[in-house]
Amino acid sequence: MPMAVTLAHYLVVGALLFALGLVTVATRRNAVGVLMGVELILNGANVNFVAFQRYAGGGVGGYVFALFVIVLAAAEAAVGLAIVLALFQTSKSIDVRQADLLRE
Amino acid sequence: MPPRLGRLFAWAAASALVILFVVVLGSVALAPALEGGREAGGGQAGLSAVVFYALSAVTLAGAAAVAFARNIVYSAVGLLAALLGAGSLYVLLSADFVAITQLLVYVGGVMVLVLFAVMLTSRITEVNVSNRSFGAFGGFLLLVALAPVLWVVALVTPWHAQAPGPLAPTTAAIGDALLTRFLLPFEIASLILLATLIGAVVIARKELKAD
Amino acid sequence: MEHPVAVTQASLLWLIPALPLAGFAVNALLGVRLQKAFGKWIVHTVAIASVAASFAVALVFLSEMLGLDAGHRHLQETLWNLFTAGRLSVDLAFALDPLSMTLVLVITGIGSLIHLFSVGYMAEDPAYWRFFCYLNLFVFAMLLLVMGDNFAVMFFGWEGVGLASYLLIAFWYSDPEKAKAGMKAFVVNRIGDFGFLLGMLLLFWALGGAWAPRPGIRAVEYQPASELRPLDPAIGAADADALAPRVAGVKVGPTLSFRELRDELTVEETGVKERLLHTTLFGMPVLALSAILLFVGAMGKSAQLPLYVWLPDAMAGPTPVSALIHAATMVTAGVYMVARLSFLFALSPSAMGWVALVGALSAAFAASIGFFQYDIKKVLAYSTISQLGFMFVGVGVGSYWAGTYHLVTHAFFKATLFLAAGSVILGCHHEQDMRRMGGLAKHMPLTRYTYLVACIAIAGFPVANGFYSKDEILFRAFTSDHLALFGVPTPWLGPAIYALGIVTAVGTSFYMFRSYFMTFTGSYRGGAHPHEHNEDPHAATAAPHGPLSASVHASDGAAHAAEGEHGGPGASPHESPWTVTSVLVVLAAGSVLTLLLGLPALWTGSAPAFERWLEPVVAQVTFRQAGEGTEWLFQLLGVAAAAGGLAAAWALYRGGQSEVPARLKARFAAAWTVVYNKYYVDELYALAVVRPVVRLSALLFWVDAHLIDGLVNLVGALGRWASLLSDLIDRFFVDWAVNAVAWLFRAAGRSLRRVQTGHIQTYLYGALGGALVVVLLNFLIR
């Protein structure tokens, strides 16, 4: 039976988004997939920010922060994908397992 | 397409069920902790609750697809769903400007970017295969380790949550804050965007061979 | 002699041995260079001068001694104390009493004459300096022997003459036969010396020790040994002398000094004589034992049975050496020793009996061998052994002056004989075999006459000195009273020895005149060029030798080329130069003149001069009384013996025409062979003594090479194994440990490096894991 949605619910959603995003980053072999996971993580954080702003905050700080996160996420996605493309150009593969030039 | 469709349906159903199950159990387990928040907004709470659950399901299903889908395109679509879901959750949380920005930037910009990237790089082999040996197990472990912890923390901690006020537009307030209180971050963000622009172009362009 | 010897202190006695020592030193150190720089004359001048000077000094002391009265003629000089050890104190001291004076005069006088002879004889030898160097060394050592006041100095000289004898016999050492002869002489002498040493030590031991009074022995107050502190190192000669017990002014106790020993034994109050007479060692009386052991030394040095075998082989040395050492002086050292220790021997009839018996047997044995020898030097060698036997008969029966007198007469006539033989050998171009001589009378008249005079002397005709000494000896042998063998008195021993002696005298006369007739009468059998120069005329045997001897003898003392008497090889025999003949004449004259010293009491009514001269020095032994008639009879018998021998030799060998010798030889061929080969004694010794010793030494060598060296090698091997083990431990344990550490680090590094995978996701996991840990810790610790 549906019950009242509280802050905790939203926090849980955010946590799960974060967790799934982390799993994606950790397990994906495709570099683009990794970046997608990063987006998920950021989104989960955003949900947290907004939920807190709604239930516990004064002013609009939470919303502004979420805005900034979106902006930076976009920037980071752009740069990251640019890197992936550069990587694809040089090694013809975007398998992160193969990008191990920094290994011992 | 029947297998693919079937799989998709299976995925959606499975994730919805999981979410419901977890939520129910969590709520039952932590019923006393939520006593305080029960009275406020009972009936309306009921509809908005359902909407919330539905939207959460979509978001989380999409996230699951991003994490576990074998095909990268499925992951991209899942990401799209997750982003949309998150946006709609913002709406529920009276963050209209943020929701719209999410839609515009994330779904309209980042998603497109990601799809472009996927398309540009999907010609090579084994793109959608994730390493099952170490990766899956490790990821599962990670999930099992992390999610419950965060969940429990979220539920147990006394957040000093107040009852939310009525849904109200926030755009003016945000705009105001951006130019007063958050002016410096605003300017810096614009600088960052500039740098990102240049950087992305520089990094991604093909090296011109001197001929 | 119931009183101790009266000592007269003298100084410069040491000059007598020191002068020849100086001559030795100069020639030894500088001889080669002097000879090269100035010629040979300087070498012989130094040598002859030193010995002649010593003779002159001796004459000076003789005159001094004659000035003293008879009882005080003991000149003593102590140079310094050689060492003192407890009660033993050995000084470097010289003593001249009539006995040693006699010997000194003989040694230096006849020694200088022989030095002069050697100038001509060794003229062509390039090692001229070495010869005179050794001659001087010999004279020095011999003088030490006779002038030594104690056993130690005498023994030093005893060994020294042995050494000089070895050096001189093996003078031409490049010939192995001569070197072997030298070694034989030295080794046989050594055996004798061992006996001498044992006797000396036994006597010393018997004299010493704390003694308790025993019944029958006159007790003497004697300080116990502890009071003399024999182990105290600070005790010096003066302390030892001061602390020694004295009885009636005579020092009592163990001593090596002749004078002290004589005083102890002759002065009855000391009780030493009584004690020694009753001391036995393993049942044998100590006196007899030590005297006989000392006589063993004399047997070796003076070539008596059974240690005589070296003397014939010693003829391998140059003839002057044979004359000086093996006729006149060294071999008489044994006789001197017995005479010096007359008071000791006189106490032991057994010892006296042994000495006399061995002497007589040696005399007879050697004379028999001399019958058939063809080498002239060999004949003389066996004659020497025989005459030494006579001397020992003399000192053995107790007539010490007679034995010593025979020593003196023998020195003269034997030296004459040897030197004349040397002259003959020179004249016949190094021929020594009498079968190839003959008829030399007209070629070498001086040599011939001197040889004849010496033969007359040795045969025992009253015109020369040999008769007087020999007669005295034989008479005393017959009338001896104190002889015993193994403690059993043997009154028959004296007459038995006399019988042997008379027969030997016949034999002596016979073979000496045989040698004379074969050499000088008849016609020369040598031929114009008697032999190849490769043939070694100086060999111990008559066998030919290899080219070595050619080089040796090409440089031998052949005087003919140097003196310019006549032409080169191939010429007939010739007389020798004046350096040779003058000496012969002097010695022959001495052989006649010295008879004056021994004119018997029967003729003159008083004791012979020589007997009176030696009387204070030697022990007096009583003899059986014999009437004058008996004495005349014995003298006649002596002359008859000499005449008989001469007659036989005349008949068989005069003129060399007679066939009788050859026929007799053919008839008794077996006996002749045995005697000619010296009764195979040398072969017997080689079998019985030399071979076992050689085998023993081979065994010991084996032991040394295998066992001892094996032990040493084992120790070395152990060391090697230990080091090998150490190496293994080092390589496998230590190095393993070190390597393991290194390997550990490398492995650790290798495994830890795997963290750096280069995969971002791995790093992410790491970061998350760390975060998880931090969170958990936060939960847990709070």
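## Nonpolar cores

Val355(C) touches Phe295(C), Val338(C), Phe345(C), Phe392(C), Val395(C) and Gly396(C), when its neighbours within four places in sequence are left aside. The coordinates behind this and every other value here are those of a predicted model.

Val355(C) belongs to the largest nonpolar core, which has 219 residues. Together with Phe138(C), Phe295(C), Ala356(C) and Ala415(C), Val355(C) is listed among the residues with the most contacts inside that core. As background, nonpolar side chains tend to be buried together in soluble globular proteins.

## Chain C

Chain C contains 31 helices and 9 strands. It has 782 residues, of which 49% count as buried. Of the contacts in chain C with a separation of 6 or more, 79% are between residues 24 or more positions apart.

## A sheet in chain C

In chain C, 3 strands form an open sheet with mixed pairing, in the order β1-β2-β3. β1 (7-9) and β3 (88-96) of chain C each have a single partner strand and stand at the edges, so one side of each has no neighbour in the sheet. From one strand to the next, the twist averages 55°.

β1(C) and β2 (residues 74-85) of chain C run parallel and are joined by 3 bridges. Within this pair of strands, Thr8(C) is placed opposite Leu75(C) of β2(C). In general, strands of a sheet pair through backbone hydrogen bonds, either parallel or antiparallel.

## Chain B

Chain B has 7 helices and 0 strands. Read from the N terminus, its elements are α-α-α-α-α-α-α. Of the 211 residues in chain B, 27% are buried. Among its contacts between residues at least 6 apart in sequence, 64% join residues at least 24 apart.

## Contact between chains A and B

Chain A contributes 68 residues to the contact, and chain B contributes 84 residues. On the side of chain A that touches chain B, α1 (7-27), α2 (31-56) and α3 (61-91) of chain A each supply at least two residues. α3(A) gives the most to this side, with 22 residues. By class, the side of chain A that touches chain B has 50 nonpolar, 12 polar and 6 charged residues.

Key
Residues are numbered from 1 along each chain as its sequence is written. Chains are lettered from A and ligands numbered from 1 in the order in which they are written. This is a predicted model: local features need pLDDT of at least 70, side-chain atom pairs count only at pLDDT 80 or more; totals for chains, interfaces and linings use all residues. Two residues are in contact if their C-beta atoms, placed from the backbone, lie within 7 Å. Helices (H or I, at least four residues) and strands (E, at least two) are DSSP runs, numbered from the N terminus. Ala, Val, Leu, Ile, Met, Phe, Trp, Tyr, Cys and Pro count as nonpolar, Asp, Glu, Lys and Arg as charged, and the others, Gly among them, as polar. A residue is buried if 20 or more other C-beta atoms lie within 10 Å of its own, exposed if 12 or fewer, and partly exposed in between; C-beta atoms are placed from the backbone. A nonpolar core is a set of buried Ala, Val, Leu, Ile, Met, Phe, Trp, Tyr and Cys residues joined through C-beta atoms within 7 Å. Two strands pair if DSSP finds at least two bridges between them. Axes are lines fitted to C-alpha atoms, for helices over the stretch in contact, and angles run from 0 to 180 degrees between N-to-C directions.
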